[in-house]
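Subject: Structure handover

Hello,

Here is the structure I said I would pass on. My notes on it follow below.

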Amino acid sequence: MASFACSAADLRPLLGDGANATAAAEYICSGFDAVSNKLVDATYAIDNTYLLFSAYLVFSMQLGFAMLCAGSVRAKNTMNIMLTNVLDAATGGLFYYLFGFALAYGSPSNGFIGKHFFGLERFPSPSFDYAFFLYQWAFAIAAAGITSGSIAERTQFVAYLIYSSFLTGLVYPIVSHWFWSADGWASPARADNLLFGSGVVDFAGSGVVHMVGGIAGLWGAMIEGPRIGRFDLNGKSVSLRGHSGTLVVLGTFLLWFGWYGFNPGSFLNILKTYGEHSSHYGQWSAIGRTAVTTTLAGSSSALTTLFGKRLLTGHWNVTDVCNGLLGGFAAITSGCSVVDPWAAVICGFVAAWVLIGCNKLAERFKYDDPLEAAQLHGGCGAWGIIFTALFAKKAYVNEIYPGQPGRPYGLLMGGGAKLLAAHMVQILVIAGWVSVTMGTLFWLLQKLRLLRISPEEEMAGMDLTSHGGLAYVYHDENNDQALKNSFMMTKVDGSTV
C-alpha cells in the first residue's frame, strides 16, 4: 500500500509567513506520517489475517480427506486410513519445515530449486511471514493426502511414513518452486524470460497439487497391484464398496468448504486495488469471482456425473456424485481466478466426463484405486490445466499477473496458443518428475518388501492386524448368535472374517 508523502518544506508556504508556520507544517506532517504508518500496519495485518484464515480452511480439508477416505474403504480398514491421514499432516509438518519450504520458496535461488530458509532460518523475511509458511504447508499435506487414498487397504504402515516424508520434503516442493516461486523457470511471476512469454498460469494448483498427488498415487497403486477380490478370475471388475456413504458425504462437504481457502486464498492478500482510481473494484472482487467459479465448476460436474452415471448404470449413486463434484473442483483450481463464471460451468461439465472416462480406463487395465484419487486428481487436474489455457481471460490475467504487456491468454479467448504450449509443458514435466521420483520410491519399497501387506493381513483387515482392534465394536445384549453373525464382516468370497 502506498504511504502518504508529506513535506514540511512544501507545506510551509501554504500556511503563510507566521512565526509558527514551520512548526505547524512539521506538526501536520508528523501527524500524516503517523496515520500513514498505521494504515500500512493495518494493511499487513488484514492481509496476514486473510492468509491465516485461508490456511485454516485449507487445513480443514485434512478432516475432509479423512472422512472421505474412511467412508470409501471397508470397515475393517477404517482406523488404518484415519491414522494415515493424521500422519500425513504431522509428518508433512516436520519435513516441510525442515526442507520443503526452503526448496520451494528459498529465494534468491535458481529456476529449479530453492536454497534458503531451511528450518525457517532467518525467518520471517521481507518477502515472507509465518502465515505464508502455514498456508503452503497446508497445500503440501493436501498433495500427500491425495496419494494415500490410491494405495488404501493394502499398504504397510511404514510405507506411508516414508512416501509422505519424501513427497512433502522433496517432490512437491520442487514442483511448487518451478511454477509458483518468483524464481521458478515456468513461473508467471518471473521478471523476465517467461516460458513462451507467459509462464504457467496454475493459480491454485491443478497441476502443482492435484496432478502431483494423483500421479504419485497412480504409481503406488500400479506397483502394489489391485486389492484381493477387486477383479475376479476372469478379470471382471468386482465392486468393493466403502462401508459408509454418510462419511463420504460428510468428507465431501468439508472439502468443499475448505476449497474456499484453497482457491480464493491463493491470492495471498486481499487489500489491493486494480488501477489508480478504483474504489469499488479490486482484489476483493477477484476473490469473490474465484469463489463463484469454484462453486459453479463443482456444481456443474456433480450434476453431469449424476445424470451421466444414471444413463450408464441406471443408478443415482451418491459416491459417484461426490467424486464428480471433487473432480470439478480439482479441474477449476488452475484457472479459477482468470476465467468467467460461464466458463467454469464448461470446466465442470467436461471434468465429469474426464473422470468417468478415466474410471473406465482403470477398469480396463485392472487398475485399483479405492478413492479414484489418481483418476480424479490426476485426470481432472490435467484437464484443468488445459482448460485454463483455453479460457483464461485477458483482463483477469493482466490484473493478477501485472507488469508484462502483451502476456498471452486463453486460446479460445483470442490469446493465441502460447499459453497452451506452456501448459502442455507443465503436464509433461510434472508427469515425468513425479514418475521418476515417486515411481522409483514405490518400486524400491516393493523390492524391499516394505510396500504391500501380506494376503492374510489384507483379508483380516489392517485395523485388526496392525492397530489393535476394529474401529467399530458391536455389543449385543441378548446373546443371540444369529443376530451376532449379522454384524460380522465378510470377505468378498462370502466367508466370515
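Phe-196 sits in the loop that runs between α5 and α6 (206-224). In this predicted model, Phe-196 has a positive phi of about 55°, although it is not a glycine. Phe-196 counts as partly exposed because its relative accessibility is 40%.

Leu-120 also has a positive phi of about 55° and is not a glycine. Leu-120 belongs to the loop between α3 and α4. Is Leu-120 buried or exposed? With a relative accessible area of 14%, Leu-120 is buried, since buried means under 20%.

The bond from Ser-107 to Pro-108 is cis, with omega near 0°. Phe-123 and Pro-124 are likewise joined by a cis peptide bond, with omega about 0°.

Next, the chain as a whole. The protein chain has 16 helices and zero strands. It is 497 residues in length, and 52% of them count as buried. Among contacts between residues at least 6 apart in sequence, 73% join residues at least 24 apart. The accessible surface of the chain comes to about 21,600 Å², and carbon and sulfur atoms account for 65% of that.

Two helix pairs come next. Helix α9 (residues 318-332) packs against helix α10 (residues 341-364) at an angle of about 125°, and their axes are 8 Å apart. That angle makes α9 oblique to α10. The crossing of this pair is right-handed. On the α9 side the contact is made by Asn-323, Gly-324, Gly-327, Gly-328, Ala-331 and Ile-332, and on the α10 side by Ala-344, Cys-347, Ala-351 and Leu-355. Sorted by class, the contact of α9 with α10 has six nonpolar, four polar and no charged residues.

Helix α10 also meets helix α11 (residues 373-391): their axes come within 9 Å and cross at roughly 145°. This crossing is right-handed as well. Residues of α10 in the contact include Trp-342, Ile-346, Val-350, Val-354 and Cys-358, while those of α11 include Gln-375, Leu-376, Trp-383, Phe-387 and Phe-391. Which classes make up the contact of α10 with α11? There are 16 nonpolar, three polar and no charged residues.

Last, two single residues. Phe-179 is in helix α5 (residues 157-180). Phe-179 is buried, because its relative accessible area is 1%. Leaving aside residues up to four places away in sequence, Phe-179 touches Ala-186, Ser-187, Pro-188, Val-200, Val-208, Gln-426, Val-429 and Ile-430. Asp-202 is 23 residues from Phe-179 along the chain, and 7.4 Å separates their C-alpha atoms.

Thr-437 lies in helix α13 (residues 418-447). Thr-437 counts as buried because its relative accessibility is 11%. With residues up to four places away in sequence not counted, Thr-437 touches Phe-166 and Val-171.

Regards

Conventions. Residues are numbered from 1 along each chain as its sequence is written. This is a predicted model: local features need pLDDT of at least 70, side-chain atom pairs count only at pLDDT 80 or more; totals for chains, interfaces and linings use all residues. Side-chain values use heavy atoms; hydrogens and water are left out. Axes are lines fitted to C-alpha atoms, for helices over the stretch in contact, and angles run from 0 to 180 degrees between N-to-C directions. Helices (H or I, at least four residues) and strands (E, at least two) are DSSP runs, numbered from the N terminus. Angles under 35 degrees count as roughly parallel, over 145 as roughly antiparallel, 65 to 115 as roughly perpendicular and the rest as oblique. A crossing is left-handed if the near helix is turned anticlockwise from the far one by less than a right angle, and right-handed if clockwise. Contact means heavy atoms within 4.5 Å. Ala, Val, Leu, Ile, Met, Phe, Trp, Tyr, Cys and Pro count as nonpolar, Asp, Glu, Lys and Arg as charged, and the others, Gly among them, as polar. Buried means under 20% relative accessible area, exposed over 50%, partly exposed in between (1.4 Å probe, protein chains only). Accessible areas come from the Shrake-Rupley method with a 1.4 Å probe; for residues, only the protein chains shown count as cover.
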